[in-house]
Amino acid sequence: MSAINPAPGIPGLIESPEEAEYELRAAEGSVWTGTRLAIGIVAFAFAGLAFAYFYLRSANNDQSWRPHGVTAPTDIGTSIVALTIAAGALALLGNVRLRRGLRADWQVAGWTVVATGLLVVALQIWELTRLRFFPGSSGYASCFIGWAAMNIALVLGATYWIETLLARGLRLRRALVEEGATPAALSAERLFRANAEGCTLFWGFTAAVAAFFWLLFYIF
Amino acid sequence: MTIDSGRRPAAGEPVGDVGVTRPGPTRRPTSRPAWLGQHLGTAVVGAVAGYAVGHWLGNQIASAYPNTAGASGLNDTAVVLGLAFGVVGWLAGIGALNYPLAKLVGREPVTPEPQQGWMRYFKYSTDHKVVGMQYLVTVLVFFFTAGLLAMAIRTELLTPANHFFGPDIYIAVVGEHGTMMMMMASSAVVGPLGNYLVPLMIGSRRTAFPRVEAASYWFFAAGYLVILTALPLGGFPTGWTGYAPLQTQSAGGMDSYLVGFGVIGIGMILAGFNLAVTIIHFRAPGMTWNRVPVFVWSMLATAALLTLATPTLVAAGLFGVLDRTAQTAFYVTEHGGSQFLWQNLFWFFGHPEVYIMALPGFGIVAEMLPVFTRKPLFGYRVAAAGMLGVALLSFFVWQHHLFQSGINPDMRPLFMLTTELISIPTGFIFLVGLGTLYKARIRMEVPMLFALGMYFNFLIGGVTGVFLSDVPVNVTVHGSFFVMAHFHYTIMGGLIFALFGGIYYWTPKMTGRMLDQKWGKIHFWTMFVFFNLTFFPLFIVGLLGQPRRVFEYAANLQVWNDISSTGAFLLGASFLIFVGNVVWTMVINPRTAPANPWASNGLEWQTPTPVPYFNFERIPVVLNDPYHYGDPEPAPVADLGAGLAMAVAGATADPSTGLDPR
């Protein structure tokens with residue numbers, strides 16, 4: 001069976017080349033805008049967490065924002081942020097290589113990002129087992145638990161995105177070799193590239209979020 | 001979370017000299033009965049199985065921990081995991097997870113053959129018209145369920161001291177009613193009319209992300225079931241606002257509230273995301289921003305609010321769940337948290353939510369007014385700017401909900417000012433309606449009656465809202481029935497009247513059937529009169545000091561309460577007229593509707609009925625806005641025949657077509 005779905009749709013619908021191109025451009029634009037909007041959605045969710053952090057810190061109710069200056073394990077936290085930033089950088093580097101037509105490089109970089117993302121999630125879960133405070137012991141502790149939960153969801157989402165792209169890229173490449181540059185394959189390739197651009201941007205955003213909250217939870 | 005546009009790539013199989021034909025689906029034709037696939041039944045089975053697994057898992061994880069049992073004695077971790085796994089099972093059962101899982105191995109989307117018949121409404125469909133109809137029915141089920149709870153409230157308030165319920169059941173009913181209504185209202189227009197009509201109005205064959213659109217509906221439906229579980233789990237005593245510290249202390253129904261709002265919130269985000277991208281990128285050639293129908297402008301403003309305000313609610317709900325399960329202390333003051341944190345996060349979503357509910361109503365009536373006045377829409381650009389202005393300003397007013405608590409008193413004037421400011425763009429939208437009505441020869445059809453009723457009701461709701469934005473009045477009537485009456489006038493008097501107007505207006509397009517107009521008028525007048533009979537007395541009892549959410553009141557307020565309760569029962573009866581009208585005209589005595597019964601210029605009315613799967617045989621080229629009523633020789637709104645290829649060929653000859661809306 002072909003790796004590319006050769007146009008499921010309505011039997012008998014005749015689509016002019018202009019219409020096909022118009023819809024393809026709209027779909028590419030949708031990926032572009034959708035990526036920015038997805039970043040906005042996640043940014044507002046994390047803004048809620050940042051608001052909680054600053055609100056509770058400034059209120060310091062019952063002198064319980066951060067009793068005794070406890071922090072989460074700094075070595076694990078720093079490893080997490082370093083790996084996340086490295087994954088973001090690697091996604092960016094892979095995309096640069098993809099633009100130059102070096103697809104194998106992008107594949108290698110991408111699978112490394114997937115492995116790194118999974119490692120980040122594992123480390124974040126492990127860190128939760130190594131905390132020196134009870135979740136409800138302070139405002140800081142509560143915010144940290146919230147951060148850990150949200151960060152796991154964010155990194156898992158970003159990892160899922162790049163993994164699905166990598167898997168699709170493999171199938172697409174095989175189809176291009178086996179079936180040649182059919183219009184369907186070329187359309188799929190263009191959408192694939194648009195997705196790769198969006199995914200790279202999302203990984204960059206993920207790294208920025210990790211860096212910002214690392215400063216909040218481990219430095220300040 | 002790959003962003004997949006769901007676009008169906010062209011096959012490249014030339015047919016004649018015209019273009020390419022999309023061949024049939026790759027899935028083999030099958031004679032398997034429709035009920036054997038994935039549908040609502042399998043979703044229910046998945047939800048039940050998921051709940052059982054999650055509940056068992058929660059007990060395994062947390063039963064040995066101290067303090068896991070909340071006030072009800074339930075293990076909150078088990079309840080939350082049960083509900084969460086139940087939602088996952090629901091989505092798996094309906095088939096929403098098939099493609100996300102297939103993508104892990106790089107599979108392309110497989111679009112099933114377009115289905116006919118009623119079974120398609122019980123399946124995971126990526127057809128925006130099916131999704132719109134699914135939303136419409138579910139919204140009405142939501143509305144009537146919460147309406148029955150409203151009847152229960154008014155029954156209790158018939159007498160000041162003789163009780164039908166105890167205080168705990170009463171407050172549980174109040175909370176359930178308010179939460180269900182808010183959940184319903186947040187998607188009441190975006191879901192049914194937005195999904196169904198926006199692609200038709202902008203000349204698109206589909207939405208940008210059809211699977212995201214379908215998922216938004218199945219999250220919405222799951223949210224209905226989750227919030228229903230609150231009652232058997234003991235309800236929640238907080239009302240729809242879920243304030244801490246009651247939130248942290250209350251029974252298992254609070255878990256349903258938090259998970260339910262989270263699930264509905266995800267559905268709202270997905271719906272807004274899809275609509276916003278669709279409007280930006282899938283407008284037909286020539287559909288410039290100056291020609292976009294005003295209803296679509298309202299959907300765009302609402303979509304912006306849905307996507308940006310709702311994530312904060314989801315985050316706040318997560319913190320609440322963590323407080324109740326992982327024993328964090330976000331909202332527990334004595335452990336470094338703050339109950340005011342919930343208020344801030346909730347209202348950062350909650351006030352834009354008010355406009356998520358109001359703006360679509362304005363969009364509907366502004367779309368209908370030119371049709372029934374046969375005049376161009378007065379101040380089209382002002383209307384669009386007003387909607388965007390309201391959307392923007394709505395992010396800067398949330399602190400007025402904290403005038404009585406949790407705010408530095410010096411900050412009150414600032415938020416009083418921003419709240420009063422928002423009445424300016426709202427007034428713009430209102431004036432656009434009045435300007436269109438001015439010196440018009442109005443056709444008093446049923447949709448127009450609902451539009452006029454909406455303006456009347458919203459005027460009362462809006463003016464009392466300006467009063468409430470002032471700190472002295474706010475402090476005086478805070479927590480009273482005055483506030484309750486105000487927001488019922490804006491939401492029910494505004495949104496719900498507009499929604500019913502929209503249902504009467506677009507039903508001929510959506511179903512091919514015409515609702516009976518005589519019974520429609522009876523429905524309108526009974527609903528309008530009894531709505532005002534129900535809610536206007538509540539301004540009076542509010543000013544006289546009757547507090548919300550309390551099941552007893554002073555004896556001297558009984559007359560006004562009885563008037564309100566009587567009005568409420570009759571208001572409920574008015575909806576039976578609507579239901580009877582639907583059953584009669586859709587099922588018992590169906591009548592085929594005229595192709596364009598209101599003589600509208602709207603692009604959605606230029607399509608055949610029933611609307612074909614891909615909406616337009618050719619992608620239309622839009623030539624004009626749809627509001628040129630009254631012109632003796634109006635220019636056509638769109639070229640539906642030759643389509644894009646001819647337009648591209650002629651673009652250099654006539655640059656006014658504005659072929660690239662981007």
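Me: Starting with Trp218(B), would you say this residue counts as buried or exposed?
Reply: Trp218(B) counts as buried, because its relative accessibility is 1%, where buried means under 20% relative accessible area, exposed means over 50%, and partly exposed covers what is in between, with a 1.4 Å probe and protein chains only. Please keep in mind that this is a predicted model, in which local features need pLDDT of at least 70 and side-chain atom pairs count only at pLDDT 80 or more, while totals for chains, interfaces and linings use all residues. Residues are numbered from 1 along each chain as its sequence is written, chains are lettered from A and ligands numbered from 1 in the order in which they are written, and side-chain values use heavy atoms, with hydrogens and water left out.

Me: Ok, and where does Trp218(B) lie?
Reply: Trp218(B) belongs to helix α7 of chain B, and here helices (H or I, at least four residues) and strands (E, at least two) are DSSP runs numbered from the N terminus.

Me: What does Trp218(B) touch?
Reply: Setting aside residues up to four places away in sequence, Trp218(B) touches Leu40(B), Trp90(B), Leu91(B), Ile94(B), Phe122(B), Lys123(B), Tyr124(B) and Gln134(B), with contact meaning heavy atoms within 4.5 Å.

Me: And how far is Trp218(B) from His523(B)?
Reply: Their C-alpha atoms are separated by 31 Å, while Trp218(B) and His523(B) are 305 residues apart along the chain.

Me: Staying with α7(B), how does this helix pack with α5(B)?
Reply: Two packed helices are described by the angle between their axes and the distance between the axes. For α5(B) and α7(B), where α7 covers residues 210–228, the angle is about 175° and the axes lie 11 Å apart. The axes are lines fitted to C-alpha atoms, for helices over the stretch in contact, and angles run from 0 to 180 degrees between N-to-C directions.

Me: What does that make the two helices relative to each other?
Reply: α5(B) and α7(B) are therefore roughly antiparallel, since angles over 145 degrees get that name, those under 35 count as roughly parallel, 65 to 115 as roughly perpendicular, and the rest as oblique.

Me: Which residues meet there?
Reply: From α5(B) come Glu176(B), Thr179(B), Met180(B), Met183(B), Met184(B) and Ser187(B), and from α7(B) they meet Phe220(B), Tyr224(B), Ile227(B) and Leu228(B).

Me: New topic: which residues are joined by a cis peptide bond?
Reply: One such bond joins Ala244(B) and Pro245(B), with omega about 5°, and Pro245(B) is placed in the loop between α7 and α8 of chain B, where α8 covers residues 246–249. A cis bond also joins Thr609(B) and Pro610(B), with omega about 0°, and Pro610(B) sits in the loop between α19 (558–588) and β3 (621–622) of chain B.

Me: What's going on with phi at Asn615(B)?
Reply: Phi of Asn615(B) is near 70°, which is a positive value in a residue other than glycine. Asn615(B) is in the loop between α19 and β3 of chain B, and because its relative accessible area is 1%, Asn615(B) is buried.

Me: And what about phi of Gln327(B)?
Reply: Gln327(B), again a residue other than glycine, has a positive phi near 65°, and this residue is placed in the loop between α10 and α11 of chain B.
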